[in-house]
Amino acid sequence: ARPEQIKAALSGKRFVDVGIRFGTVTVIFGKDSYEVTSLRVDGPYSNSRSPERVEFTDDLAADLSRRDFTINAMAWSPKDGLTDPFGGGSDIEKRLIRAVGKPELRFREDALRILRGLRFSVDTGFEIEEKTAAAMLDCRSLLDNISSERKRNELTAALVRGKIAGPFTRFREVAAQVVPELRYAFDFEQRTPHHCYDVYTHILNAVDNYAGRDPEIKTALLLHDVAKPLCHRYYGGKDHFKGHPAAGANMAGEILRRLKFDNAAAEKITGLIRFHDVRLVGGMSQMLKLMSLAEPLLPGLLEVMRADVLAQSEYKRAQKLELVENGWKNYRIALEEGLCHSLSGLAVKGGDAQTLGLRGREIKAALRYCLNGVMNGRVENSPSTLKAWLRDYAKVIRAADE
């Protein structure tokens, strides 16, 4: 059926015609939408993204011949059963991803198929056939012609669908075509007792160690050590990477902007990277301070910390995991008991400081002083005790002024 025939057959329904020039009619049924595409053959491709024109056809095999991989080039109907001209069924049995026809031609038609092949491999655990794999690597520079949004969507989908270590190792140059900063991490050894992998391998294992499907946590893990090679110093017989969390957050910010992540996602991802290397050795007071800085990040941050530790060597792993578990316990206790970790939770307010003669920035500094005392366990969060603290603080400020 041609697009106009599809619409006639489904008269009375709502349609979205965004893809209609390529033969796709989107039909709205209640809250759901369905894409119905006429059989077609594609005209020439000039931009590695989409054909300049399409021609409709009645030849099913011709339509299937323009598909990306054999496992996606099958059709079924009640009358004729399965149509599989390129051996997709056999490739499924062999757990193999193979391009339809000449792999280079498929990827030159639409370079995003390179990332789709990578995603399918992650999602299914299938191997990518040798000629297809070689073409994916040879044609990877064509990904530069693809929009940032399309690359971001495929990369994110790959991260959340399964284990990435195998495919992202074999096709690391494809991953680096999307995120060139990852190349710094390739084969960059970490000569320290805490690590048993090079930086890139550590990153991939960290991603796989997080069992959830939160795309922002997965992306944070992919980028959490991206700045390590640039922060590297060697002294005392081992490697050091001081400052890599802050530097990594800054690098990640640039990467995320380039890939058109929305502001909320980018803020979460960069925050997770900035705090991922905090050692949770300070008990409840440290947890309250972390919550005061980045409370919305805490559940994700603890997941990132655990995945990071599991991708390191066995050296002190048990102690590190215990610290993370204690972090979870303290976080839950803080929530359950409503422990104060913000200025809004203090039993005194700005007006209390103002009555003591404090003004402007002095008021905020005084309240911050009280908050630190509460979080450190040095003073009770009650009006009477905190007002006494404020009076003492005000006396010190006035004496300093004099």
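Entry 1, burial. I call a residue buried when its relative accessible area is under 20%. The model I am consulting is a predicted one. I looked up L290 and found a relative accessible area of 6%, so L290 is buried. L290 belongs to helix α14, which covers residues 283–294. I then listed the contacts of L290, not counting residues up to four places away in sequence, and noted F275, V278, L280, E295, L298 and L301. For V278 I also looked up the separation: V278 and L290 are twelve residues apart along the chain, and their C-alpha atoms are separated by 9.4 Å.

I placed A176 in helix α9, residues 172–178. Its relative accessibility is 0%, and A176 therefore counts as buried. With neighbours within four places in sequence left aside, I found A176 in contact with R183 and F186. I also checked A176 against Y235: the two are 59 residues apart in sequence, and their C-alpha atoms are 30 Å apart in space.

I recorded a second case in K228, whose charged end sits over the ring of F241, 4.9 Å from its centre.

Is R40 buried or exposed? I read a relative accessibility of 11% for R40, which therefore counts as buried. R40 is located in strand β4, residues 40–42. Leaving aside neighbours within four places in sequence, I noted that R40 is in contact with F22, V54, E55, F56, T57, A62, D63 and R66.

F69 is in the loop between α2 (60–64) and β6 (75–77), whereas F107 is in helix α4 (residues 103–109), so the pair ties together parts that are 38 residues apart in sequence. I found both F69 and F107 to be buried. Together with F120, F69 and F107 form one aromatic cluster.

I looked up how helix α7 (residues 148–161) packs with helix α11 (residues 215–223): the angle is about 95 degrees and the axes are 9 Å apart. An angle of 65 to 115 degrees counts as roughly perpendicular, so α7 is roughly perpendicular to α11. Which residues of α7 and α11 make the contact? From α7 I listed L155, T156, L159 and V160, and from α11 I listed P215, K218, T219 and L222. I sorted the residues of this contact into five nonpolar, two polar and one charged.

R95 is in the loop between α3 (88–93) and β8 (96–97). At a relative accessibility of 44%, R95 counts as partly exposed. K260 is likewise not a glycine, and I read a positive phi of about 65 degrees for K260. I located K260 in the loop between α12 (244–258) and α13 (263–275). K260 has a relative accessibility of 44% and counts as partly exposed.

Definitions and conventions
Residues are numbered from 1 along each chain as its sequence is written. This is a predicted model: local features need pLDDT of at least 70, side-chain atom pairs count only at pLDDT 80 or more; totals for chains, interfaces and linings use all residues. Side-chain values use heavy atoms; hydrogens and water are left out. Helices (H or I, at least four residues) and strands (E, at least two) are DSSP runs, numbered from the N terminus. Buried means under 20% relative accessible area, exposed over 50%, partly exposed in between (1.4 Å probe, protein chains only). Rings of Phe, Tyr and Trp (its six-membered ring) pair if their centres lie within 6.5 Å; planes under 30 degrees apart count as stacked, over 60 as edge-to-face and the rest as tilted. A charge sits over a ring if NZ of Lys or CZ of Arg is within 6 Å of the ring centre and within 35 degrees of the ring normal. Axes are lines fitted to C-alpha atoms, for helices over the stretch in contact, and angles run from 0 to 180 degrees between N-to-C directions. Angles under 35 degrees count as roughly parallel, over 145 as roughly antiparallel, 65 to 115 as roughly perpendicular and the rest as oblique. Contact means heavy atoms within 4.5 Å. Ala, Val, Leu, Ile, Met, Phe, Trp, Tyr, Cys and Pro count as nonpolar, Asp, Glu, Lys and Arg as charged, and the others, Gly among them, as polar.
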